[in-house]
Amino acid sequence: MKSAKKVQKNYPVYKAESIAGKKAGDIADRKSGRSAGLWAITCSLFTVLALVSCGPSGGGDSGKKLPIMGFREAVTTVIDGKEVTDTVYHQIPEFEFLNQDSILVSNEFFENSVYVANFFFTHCPSICPTMQRNLLAVYQEYLDDNRVKFLSHSIDFKYDSPSVLKNYADRLGVVNDQWQFVTGSKAEIYGMAEQYMVYAQEEAAAPGGYEHSGYFVLIDQNRHIRGAYDGTSKEQIEILRKDLKILLQEH
């Protein structure tokens, strides 16, 4: 028989000295409280994750696997008088958002697929155009291949309605439902950003009125985080391409 669970939490190790960490410190000077802390953690964490992602990448070579990233818990149960410990990894929770076609799309749409998630807004004057162009190139490589999907969350819950997202997707060159552009309430979208360990925040002083990190986050069929990539970097996009091939071989 199983007895009550004992849970021991294990947290990621954050790289203390990094370019991203210095940038976070600069932002923290003009921010306070939870948002600044989250930004610092996110930058430091994904600096480490990006370095880890470089290791296993090898053009999809057989036998290689990507790490599972994020928080984890060691869960111990007693079965037939013996303690058995399993590692439970952070999982993207179930979700439901309104997409560019005014249809509710949930995590069920992404079942049996791996997907790349990011956070953006349609009138972003800074990093978003570069990010989305880079992601478009990856999308076009896997066009009509339902093993791979794409999910862009708008952080502008005020302006980015489904019709605005639809126009944006059309102009970008998205031709099917393989790439979903979604909107939701502020609490829903920003809460989901935390689950992906990505920073997103309203900020009046920022270009366009919003601040966000530019990471693409690679998610497997179990909704585990398997990679994080700077969406503005051509070198990081090449790593994403290689890691996608590796992840597809796992399934």
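**Reading the rings**

Mentor: K149 lies over the face of F109, at 3.9 Å from the ring centre, where a charge counts as over a ring if NZ of Lys or CZ of Arg is within 6 Å of the ring centre and within 35 degrees of the ring normal. This is a predicted model, in which local features need pLDDT of at least 70 and side-chain atom pairs pLDDT 80 or more, while totals for chains, interfaces and linings use all residues. Residues are numbered from 1 along each chain as its sequence is written, and side-chain values use heavy atoms, with hydrogens and water left out.

Trainee: How many aromatic pairs are there?
Mentor: A pair of aromatic rings is described by the distance of the centres and the angle of the planes. Rings of Phe, Tyr and Trp (its six-membered ring) pair if their centres lie within 6.5 Å, and planes under 30 degrees apart count as stacked, over 60 as edge-to-face and the rest as tilted; the count here comes to 14 aromatic pairs.

Trainee: Why is the pair of F109 and F110 edge-to-face?
Mentor: Their planes stand at 85°, with the centres 5.1 Å apart, so the pair is edge-to-face.

Trainee: Is F110 buried or exposed?
Mentor: Buried means under 20% relative accessible area, exposed over 50%, and partly exposed in between (1.4 Å probe, protein chains only). F110 is buried at 4%, whereas F109 is partly exposed at 23%.

Trainee: Which rings are linked into a cluster?
Mentor: Ring pairs join F120, Y139, F150, Y168, W179 and F181 into a cluster.
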